[in-house]
Number of protein chains: 2
Amino acid sequence: MIKTSVASLDNNDPLREVASQFHKPEGVIYLDGNSLGLMPHCVAKRIETVTREQWGNDLIASWNKHHWIDLSRNVGDKIASLLGADYGQVACCDSISINLFKVLCAALSINSERKKILSTEDNFPTDLYMVQGLEALLGHHRCELVMVEEGQLAEAVDEDTAAVLVTEVNFRTGNIVDIAGLTQVVHKHGALVIVDLAHSAGVLPIALDKHQIDFAVGCTYKYLNAGPGAPGFVYASKRHHEKLVQPLFGWMGHANGFAFSPLYSPAQDINQMLVGTPPVISLSAVDAALDIYDGLSLDTIRNKSKQLTNVFLELLKASNASKELTCISPLDAERRGSQLSFEFEHAYALCQALIEVGVIADFRAPNFIRFGVSPLYTHFHELAEAVEKINDILVYKTYLASRFQTRNKVT
Amino acid sequence: MIKTSVASLDNNDPLREVASQFHKPEGVIYLDGNSLGLMPHCVAKRIETVTREQWGNDLIASWNKHHWIDLSRNVGDKIASLLGADYGQVACCDSISINLFKVLCAALSINSERKKILSTEDNFPTDLYMVQGLEALLGHHRCELVMVEEGQLAEAVDEDTAAVLVTEVNFRTGNIVDIAGLTQVVHKHGALVIVDLAHSAGVLPIALDKHQIDFAVGCTYKYLNAGPGAPGFVYASKRHHEKLVQPLFGWMGHANGFAFSPLYSPAQDINQMLVGTPPVISLSAVDAALDIYDGLSLDTIRNKSKQLTNVFLELLKASNASKELTCISPLDAERRGSQLSFEFEHAYALCQALIEVGVIADFRAPNFIRFGVSPLYTHFHELAEAVEKINDILVYKTYLASRFQTRNKVT
C-alpha cells in the first residue's frame, strides 16, 4: 500500500474531523486507546468547571443545582444509548471489578439453586478474581468458578450453571465472542449471561436489550476516553429489577437514602446498583466524554475500526517486519475488536523501542504486543508511519539499535 | 461576646493564614465543611496538571513516570500520618462504604467462629446498611447485626461478637465515643474494633496504632477537602496483615497483578485492600489536599476546633435565638467533634433561610440543623456574623420573613 492510498483513506474518512476534539501530544502515534483513551478537550474543560465553579463556588448546593445527585443515573443513560439499552438500566459508578461483584451476587441470588459461574481461562484476570473472591466468601457449595476455553463456553453450560461470565472482546487477542448466539444457548439451560464490555463499549455496536443480555459491566477509560481510572458502569436488564439483590447496601442504593433510616430498603430500579457517595468530578468527566458520540453512528465507527485494522495488517504484510510478528488476532475483521495483537519473542523490548520513537503500543505478558486503534482519533497515515517504525526497528535496526540489542540480546 | 473580642480571637489564631489556601466564595459563611470541604487552590491546580499534563501528554507512561500505580498506597501513607498510624497500613481507594464491606468481611474471617457485628442505632445509616447487606449475603448464621444505643456498646460486647463497628464522631450530634476505652473492653472479649473516622480525620488527633484499633475507614471529602465524592480510605492494622482476607479480589490487590495469572494470590500487605484500576484524578486531588497539613499540628487544629464551637455556643447563648434552638451536641467541647447540632421544629426552613443570606449549614432529618466548623478555614468573626443572621431570622424575622413564614407557618 502506497502513501497516496493511505492519504485517500484519510480524506474519505467520515470521522476525520472528530480527532480534533482530542489532545494528541506532538510527535506521538497513539495506539493504546484500548488501555487509556486520549484526553478530549471537552473533558479537561468540564473537569475544571466542575472543580472551580461547581465545587469551588456552589459547594453543597451543587448536589441539586448541578444535578450531582443524579449523575450516576444520567451518565448511565447516556452510556445505555451506546449499548443498545433502554434508559433506566445502566448506572455509572464504582469500578468495573466492584460492579462485577454486584452482578455476580445478583445472578447467584436469582439462580439461587445453582452455584456454577462459567467463564474462560483467557478472560481478563480480574474478572476471574472477583468470582474467586465470592467463592472464598460464600464457600464452594454456593459459588464455584469453572473455566473453559473461549470457544467451548456454549457446550459447557449445564443445569447447574448460574451464570456465564464472558468478555465480548478478548483483551489479549481481540477475538469477539458471539454474545447473541451464546446467550440463546445459555438461556435454554436456565442460566444467566454477564458480559464484560471493557473492550467493546464505544467501538462496537452492542444490542443488550435485543439479545436479552442479563447483566453487563464495563469501563469508561478505554474507548470512551473519560480519563485514568474513570468510573465503571453496570447494566441490569429491567427483567431482573424486581428480584434484584446485590449485597453492597449503600445509602445511594436505598429507596429513600435521605430519610436516614437505620434499615436498608433497596431501590427497585437500577439505583440499587449504587453504593456510596458518587465521585462527582470523575463522573462529570465521563459525562463530557460521552458528548463526543453525539451525532455519530456506531456503525460508522465500527466500519472505520475494521478498515483501520485491515489497513494495518496489509501494511505490515507488505513490510519485512511481518516475518517477525505472529498475529494472534482473528484475521477476519468481523471477528476482532478494535485491536491487533502479535506474538513476538521480544515483544516487551519492541514495545519499549517503539515508545522511544513515539509509537505507543501495549505489552501484555508474556510476549504479546497489542496495537489498539480508536476510530475517533486514529488516522490511516499514522498506521503507515507506525509500520515504518516497526520495520526500522525489526528489520533495518536503525533506531536505537544498540540499546535494543543490549537489552534483549537480539542476534 | 463583643465584636472586638472575636477580632482578637482571629488575630491570635495560629491557623489564621491557612484559610488563604482555600477558595471561599464571596459573601458566603461556610459552616458545612463536615459535609463537603471547601476547595483548596492547590487541589484545583493539581487536578488540572494531572488531567492536561499527565493524562493529556504522558498518557500511559504516567503509570510509572507520575507514580499513578502507587497513588493509593502513597496517599494512604499520607493519611496514615493524620491517623496515628505507621506507614503501610492505610490505602486510599473506593468509597467508605465499599471499604467498610472489606473490613467487615476481614473481621468475620479472622473471628470466623463468631457472627455478631455490634453497632449503634444512631450510626451513620450506610454503615448499618453494609452490615445488613452482608447479613443478606451470608445468612444470619454467619453475620448478624445487633444495634444498641451509643453509650451501651461496651456492656453489649460478648463472646459471640466478631466486631464492634463504631463511628468515633456521631454524624448527627457530634458526640465523641471514647474509642481507646471501648477497644480495651472489646479486645477483652476477643472481638475486633472497626472505627468509622468520617467526621474525625483531619480535625481530631487520632492514635490508631497506640490504641490497637483493628480496622478503620473514612472519607476525604469532609475535613480533608479533597472534593465531592473523593475516594475513601481504609486502615488495617499490621497485626492482621498475615491473616487478611477481603473478598473483593481485584487485580490491584493481587501479589503480582501484572503477571495476569488467572488465579488470585493476595498481596500480603495493605495492597490487598485495593480492587480495581485506581481513580487517578481524584486520588491526585486527595494527595494535593493533604499537603495543606504539612507542618500543622493536629493538637493545634483540635484546640481551635474546640474554641470555635465554644465561641459559637457562647454567641448563641448571648443572643435571643438560643431560646429556639436546643443543642443536641455535648456541651463539653472535649466530648464533641468539630460541629454543633440543634433540634428545632423548623430546622429545614431555618437552613434554607440561612442559605439565602449566605450562611451554609446542613439540615439532617427529621428536624436538626448542623453547623460544622473547619479549623483550617473558619474564622471566629464568621461565627459572630452567622449568629447575627440566625438571630435576624428567628427573632427579628427581618430576612425574607414573608417567604420564611409562608413556607413554614411560623407564628
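**Figure 1. Pairing of strands β11 and β12 in chain B of the predicted model.** In this predicted model, strand β11 (residues 326-327) of chain B pairs with β12(B) in the antiparallel sense, and two bridges hold the pairing. Within that pairing, B:Thr326 lies opposite B:Glu343 of β12(B). Strand β12 itself, which spans residues 339-343 of chain B, is mostly covered, with four of its five residues buried. β12(B) is also joined to strand β15 (residues 368-372) of chain B, here by five bridges and again with an antiparallel course, and in this pairing B:Gln339 faces B:Gly372 of β15(B).

**Figure 2. The four-stranded open sheet of chain B.** The strands of this open sheet follow the order β11-β12-β15-β14 in chain B, and their pairing is antiparallel. At the edges stand β11 and β14 (362-364) of chain B, each of which pairs on one side only. β14(B) is connected to β15(B) by three bridges, the two strands running antiparallel, and B:Phe363 is found opposite B:Ile369 of β15(B).

**Figure 3. The four-stranded open sheet of chain A.** In chain A, an open sheet of four strands is arranged in the order β11-β12-β15-β14, with antiparallel pairing. Because β11 (326-327) and β14 (362-364) of chain A are edge strands with a single partner strand each, one side of each is left without a neighbour in the sheet. The partner of β14(A) shown here is strand β15 (residues 368-372) of chain A, to which three bridges join it in an antiparallel arrangement. A:Phe363 has A:Ile369 of β15(A) as its bridge partner.

Figure 4. Strand β7 (residues 161-167) of chain B runs parallel to β8(B) and is joined to it by five bridges, with B:Leu165 standing opposite B:Ile194. Together with helix α8 (residues 179-188) of chain B, the strands β7(B) and β8(B) form a right-handed β-α-β unit. β8(B) is also joined by three bridges to strand β9 (residues 215-219) of chain B, again in parallel, and the bridge partner of B:Val195 in β9(B) is B:Ala216.

**Figure 5. Helix α4 of chain A and the elements that cover it.** Seven of the 10 residues of helix α4 (residues 71-80) of chain A are buried, so the helix is largely enclosed by the rest of the structure. The buried residues of α4(A) are A:Leu71, A:Ser72, A:Val75, A:Gly76, A:Asp77, A:Ile79 and A:Ala80. Among the elements that cover them are β4 (90-92), β10 (232-236) and α9 (280-290) of chain A.

**Figure 6. The surroundings of A:Lys116.** A:Lys116 lies in strand β5 (residues 116-120) of chain A. Its relative accessibility is 13%, and since the limit for a buried residue is under 20%, A:Lys116 counts as buried. When neighbours within four places in sequence are left aside, the residues in contact with A:Lys116 are A:Glu144, A:Val146, A:Asp158, A:Asp160, A:Thr161, A:Ala162 and A:Ala163.

**Figure 7. The two domains of chain A and the chain as a whole.** The domain assignment divides chain A into domain 1 (6-30 + 297-404) and domain 2 (45-293), whose centres, taken over C-alpha atoms, are separated by 30 Å. The contact between them takes 26 residues from domain 1 of chain A and 18 residues from domain 2 of chain A. The secondary structure of the chain comprises 13 helices and 15 strands. The radius of gyration of chain A, 22 Å, is close to the 22 Å that the globule rule gives for 411 residues, so the chain is as compact as a globular protein of that length. Buried residues account for 64% of the 411 residues in chain A.

Terms used
Residues numbered from 1 in each chain as written. Chains lettered and ligands numbered in written order. Predicted model: local features only at pLDDT ≥ 70, side-chain atom pairs only at ≥ 80, totals over all residues. Heavy atoms only, no water. Pairing = 2+ DSSP bridges. Right-handed = clockwise from strand over helix to strand, strands pointing away. Rg over C-alpha atoms; globule rule 2.2 N^0.38 Å. Buried < 20%, exposed > 50% of the residue type's maximum accessible area, 1.4 Å probe, protein only. Contact = heavy atoms within 4.5 Å. Domains from an automatic or database assignment.
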